[in-house]
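Some notes on this model follow, for reading beside the coordinates.

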Amino acid sequence: MTWSGPSYDLLPGDPDSPVLLHVPHAARAIPADVRRGIVLDDAALERELDHITDAYTDELAERAAESARVTPWRFVNRLSRLVVDPERFPDEREEMAAVGMGAVYTRTTHKGELRRPDTDPEPLLERWFRPYARAMAEAVADRLAATGRAVIIDVHSYPAAPLPYELHAEGPRPAVCLGTDAFHTPPRLAEAAREAFAACGETGLDSPFAGTYVPLAFYGRDSRVGALMVEIRRDTYMTEPGGAAGPGLERLAGALAALADAV
């Protein structure tokens, strides 16, 4: 697959909405030149994509946007996180680098080799990571200019059973995990999410995944930027790994729409 143009879509919502649904990990697409740097054969790569992709989260965000009373904006990554992971720190701050899964992955979900250990991440960071980060920062700045605030709702999914790469696999794995940040997640935002997802099963905070995504230009600096990560356990809406979506997707989309309207 060849690729031209940006790796993301910014899909407009209501001009008065501060909400930005961010979908970073739903895609499976890998440009041909990036594929050449991945050592897995095609079958192994497909299996890895089944495990690492947050399948159907782009569809979930789309359905939520369509059913919300006030249409939220959407920022959707169109390339696999195996190209670059736009949510990782690109430097020594990233704890996942310890397992070869920083901004440019060198290891798989099962700790196998994905790229050669001496891979230089800089070309991938320059081509894909930094333009994505700049565009996301611009989208947040646009919401601030238009509405005086921005609320990033990060839409993810995670497997029912821990994968070997996980650093914090010993904690609870609720139907919906809400990742929070002490600076960017006010209590009312987390509580609105608990209420919105109450009909979707148990909700929990920061286990098995914690934190939120905020562009570095605003991170820890601008309290007008709120952020919450929504991690949905995959068995609640699809067949794992990499299988078909089920009826739970519609219920979750309704909950996400309710959250967007509540904030």
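1. Buried means under 20% relative accessible area, exposed over 50%, and partly exposed in between (1.4 Å probe, protein chains only). Glu-59 is partly exposed, with a relative accessible area of 26%. Arg-63 is partly exposed too, at 26%.

2. On sources: this is a predicted model, in which local features need pLDDT of at least 70, side-chain atom pairs count only at pLDDT 80 or more, and totals for chains, interfaces and linings use all residues. Residues are numbered from 1 along each chain as its sequence is written, and side-chain values use heavy atoms, leaving out hydrogens and water.

3. A salt bridge here is a side-chain nitrogen of Lys or Arg within 4 Å of a carboxyl oxygen of Asp or Glu. The count comes to 20. Glu-59 and Arg-63 form one of them, at 2.5 Å from N to O. Both lie in helix H3 (residues 57–67), four residues apart, about one turn of the helix. Helices (H or I, at least four residues) and strands (E, at least two) are DSSP runs, numbered from the N terminus.

4. Asp-50 and Arg-28 form a salt bridge, with their closest N and O atoms 2.9 Å apart. Asp-50 sits in helix H2 (residues 42–52) and Arg-28 in the loop between strand S2 (19–23) and helix H1 (32–35), so the pair ties together parts 22 residues apart in sequence. Asp-50 is partly exposed at 22%. Arg-28 is partly exposed at 32%.

5. Glu-166 and Arg-173 also meet in a salt bridge (2.9 Å, N to O). Glu-166 is buried, at 9% relative accessibility. Arg-173 is buried at 15%. Elsewhere, salt bridges that share partners join Asp-54, Arg-81, Asp-85, Arg-88 and Arg-234 into one network.

6. How many of the nine residues of strand S7 (residues 225–233) are buried? Nine of the nine are, so S7 is largely enclosed by the rest of the structure. Both faces are covered: buried residues include Met-229 and Glu-231 on one side, and Leu-228 and Val-230 on the other.

7. Strands pair if DSSP finds at least two bridges between them. Strand S4 (residues 150–158) runs parallel to S7, joined by nine bridges; Ile-152 stands opposite Ala-227. Strand S5 (residues 176–179) runs antiparallel to S7, with four bridges. There Cys-177 stands opposite Glu-231.

8. Helices H5 (residues 187–196) and H6 (residues 248–262) pack at about 145 degrees, with axes 9 Å apart. Axes are lines fitted to C-alpha atoms over the stretch in contact, and angles run from 0 to 180 degrees between N-to-C directions.
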